[in-house]
Amino acid sequence: MPFNRRFFLKALSLFAATPLVAACDDDDSGETDGTETGPGTDTDTGATTTDAGTDTGTDTGTDGATTGETTGTGDTGDTFPDYEWSGEPGPEGLFAHGVASGDPYPDSVILWTRVSPAAPGAAAISVWWEIARDEAFESRVAVGTVETSADRDFTVKVEAGPLTPGTRYFYRFFAQGRGSPVGKTRSAPAGATEKVRLGLCSCSNYAAGYFHAYAELAKVEDLDAVLHVGDYIYEYGEGEVRTLEPATEIVTLADYRQRYSYYRLDKDLQAAHAAHPFIAVWDDHETTNNSWRDGAQNHQPESEGDWQARKLAAYTAYAEWMPIREQAPFKLWRGFEFGDRVSVSMLDTRIWGRDAEKNQGGDPADPNRQILGADQEAWLVDRLAATKGQWTVMGQQVPFSPLEDTSDKGWESDKWDEYDPARQRVYKAIRDNKLSDVVVFTGDVHASWALDVAPEPYDTAKYNPENGEGSLAVEIVAPAICQGGLDGLIAQSTGEQRVKKNPHVQYQNAGAKGFVVTEFTADRMRAEWWFVSGVVKPEYTFKLWGAVTTLAGTNHLVREDIPVGL
Ligand SMILES: [Fe+2]
C-alpha cells in the first residue's frame with residue numbers, strides 16, 4: 001500500500017544515529033575489552049537516542065508490512081516521534097533478510113537488519129529503528145535513524161540503548177515506507193542474578209540440509225543469549241541437499257556478501273535471530289577450511305590470490321552481516337558479563353593468532369606455540385584472574401580437552417591437542433587463580449561431547465572419572481546445526497571407542513544435529529542436547545537426547561539418565 005504521508009524530516013537531526021564503523025576502519029581506539037557495560041563504554045558504535053521528541057501519532061506497522069497512517073492520535077505510551085514516510089514505498093522485499101540482535105550488555109544491545117533497494121546502484125538509504133518494552137511498541141525506550149549504503153552492503157547496525165538490565169525488548173526498522181519484522185532481544189542482567197540460560201550452537205552448512213535446528217532454537221524460551229561458536233557459513237560451492245549462491249567456492253568480498261545474503265533468506269535462521277540475541281565468533285569456514293593466521297588448508301594462492309586479501313574480504317562481510325560489536329579488523333575476541341552469575345569470554349582460536357597446524361608445517365612441540373596469539377591469550381589470562389561471574393564460560397571453536405584420537409577423520413587434527421604449550425598456559429592461569437566452575441564451550445567437530453577437562457585423563461593417579469578429582473574445568477561440545485559428522489553405526493562405534501579410550505568423556509553423540517541449552521545457577525550448571533531427527537528432508541522430529549550437570553565447585557560432569565531415540 002503506497003504511503004501518502006510526508007517523510008518525517010524535522011526530527012531527523014535530533015535522532016541522527018551513525019552506523020557502526022566500517023569493517024575496514026583501522027582506528028581501533030574504540031576497542032572494548034567487553035568488560036565495561038555502563039554508558040560511555042568504548043565500543044565503536046555511534047547510535048544516539050533521545051527522548052526530546054514529541055509523540056506525534058500512533059505506533060504503526062506490523063511484521064513485514066507497510067506501515068499505516070501516523071497522523072497523530074497521540075495515544076502511545078511514550079513521547080518519541082513516529083516514523084513517517086510520504087511518496088511511493090520501496091520494494092516489498094526491502095527487509096527480506098529479517099532482523100537480528102546481538103552482543104547484549106546490561107545497558108545496550110546491537111540491532112541489525114539489511115535493506116534491499118530496488119536498484120543495485122542505489123544511493124544511501126535512511127533507516128529508522130525503534131526498541132520497546134512491548135510488542136505493540138507503545139512503550140518505546142529509544143528510536144533513531146541510521147544511514148546505510150553499498151559501502152557496507154546495505155546492512156544496518158546500531159547500538160540501542162540505554163536499556164534496563166535483564167529486560168525483554170522488541171525492536172523493528174522502517175525505511176522507504178516499509179516495516180521490518182519485529183525481533184525480540186534481551187539486555188544482559190546486572191548485579192545479583194539467580195539464573196542465566198545460554199544456547200550453544202555451531203556449524204550450519206546450508207547446502208548440507210535444512211536448518212530445522214535453528215527453527216527449534218527460535219522456540220526455546222528465556223535464553224539470555226545464543227553463543228554461536230562458528231562455521232556460521234561454509235565457503236564451499238553447491239552441496240548435496242540444497243542449492244546455494246554463489247554456486248562455487250567463495251573467495252572475493254562480493255562472494256562472501258552473497259553467501260551471507262543467501263543464508264539470511266532462510267526463514268529458520270531468520271527465526272532464530274529474531275528470537276534471541278546472538279554472541280558470535282567465527283571458526284574456519286567463515287574464511288575457508290582449516291584456516292590459520294597466515295593461510296589455510298583450503299586456500300591456494302596460485303588460483304585464489306593473496307590470503308590476507310581473502311581473509312579481509314571474509315572479515316568485512318562477517319562484520320557487516322553479523323550482529324556483533326565491531327572492533328579492529330579480525331578482532332572478534334571480547335567479553336560479556338551476565339550479572340554475578342556468568343562471565344563469558346568469546347575467543348578466536350582460528351584467525352587472530354593461530355600458528356600453522358602440523359599438517360600445514362607447524363611444530364606442535366614449539367614451546368612458544370600459539371593458538372590464541374600472545375595478546376588474546378594475555379587478555380584471557382587477565383579475565384580469568386579477575387573473573388566477575390561465579391561461572392566462567394570460554395566460548396571458542398576447537399576441542400580443548402586432551403582426546404586420544406579414535407578416528408582417522410582429518411577434522412580432529414586441528415584441536416588444542418596440537419597446541420599443547422598454549423593449553424598448558426591456560427591450565428596455569430586456572431590453577432594460579434584457584435579458579436573453579438570454568439566451562440569451555442566448543443564447536444567445529446559436528447559431534448556432541450561432554451568432558452571433564454582433566455590435563456592427564458589417562459593417569460589414574462591424576463584423574464578420577466568417578467568424582468572428577470584432577471579435573472580443572474568442564475567442556476561442552478555442540479553438535480552441528482547442519483553439517484557432516486558421522487552417522488548411524490559408524491557414529492555409534494566411534495563414539496563407543498572414544499568413551500572407552502577417554503575416561504573423562506561423560507557424554508557423546510557423534511552424529512546427531514541440533515544445539516545445546518545451558519543453565520547456570522548458584523549450585524549447578526546443566527547442559528541439555530536437543531537433536532533433530534534429520535536434516536535432509538523437510539519433515540523432522542525434535543527431542544531432548546542427553547543432559548549433564550556439574551555441581552558448583554566440582555569441575556565434574558555427571559550424565560543424566562535420559563531415554564534416547566527420536
Ligand atoms: Fe564445522
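1. Let me start at strand β14 (residues 277-280): G102 has F278 of β14 as its bridge partner. Strand β4 (residues 99-102) and β14 run parallel, joined by 2 bridges; for pairing, DSSP has to find at least two bridges between two strands. On strand and helix names: they are DSSP runs numbered from the N terminus, with helices being H or I of at least four residues and strands E of at least two.

2. A quick word on what we're looking at: this is a predicted model, where local features need pLDDT of at least 70 and side-chain atom pairs count only at pLDDT 80 or more, while totals for chains, interfaces and linings use all residues. Residues are numbered from 1 along each chain as its sequence is written, and side-chain values use heavy atoms, with hydrogens and water left out.

3. Back to β14, which also runs parallel to β13, with 3 bridges joining them. Here H228 stands opposite A280. P277 and I279 point one way from β14, F278 and A280 the other way, and all are buried. Buried is under 20% relative accessible area, exposed is over 50%, and partly exposed lies in between, using a 1.4 Å probe and protein chains only.

4. Now the metal. The iron ion is coordinated by C203 (SG), D231 (OD), Y234 (OH) and H446 (NE2), at 2.0 to 2.5 Å. Donors are N, O and S atoms within 2.8 Å of the metal (3.2 Å for Na, K and Ca), and water is not among the atoms, so sites may look incomplete. Along the chain, the donor spacing is C-x27-D-x2-Y-x211-H.

5. What is the geometry of the iron site? Irregular, with angles of 86 to 167 degrees among the 4 donor atoms.

6. R242 is buried, at 11% relative accessible area. Its side chain reaches the backbone oxygen of G209 at 2.9 Å and makes a polar contact with the side chain of D266 at 2.8 Å. A polar contact is a pair of N or O atoms within 3.5 Å; within protein, one must be able to donate a hydrogen and the other to accept it, and residues adjacent in sequence count only if both atoms are side-chain atoms.

7. On α2: 8 of its 11 residues are buried, among them D255, Y256 and R257. The cover over the buried residues includes β12 (196-204), α3 (267-275) and α5 (307-321), with contact meaning heavy atoms within 4.5 Å.

8. Last, strand β6 (residues 125-132), where 7 of the 8 residues are buried. β6 pairs antiparallel with strand β7 (residues 140-148) over 8 bridges, and W128 has T145 as its bridge partner in β7. Strand β9 (residues 168-175) also runs antiparallel to β6, with 5 bridges.

How values were computed. Tetrahedral: all angles 85-135°; square planar, octahedral: opposite > 155°, others 65-115°.
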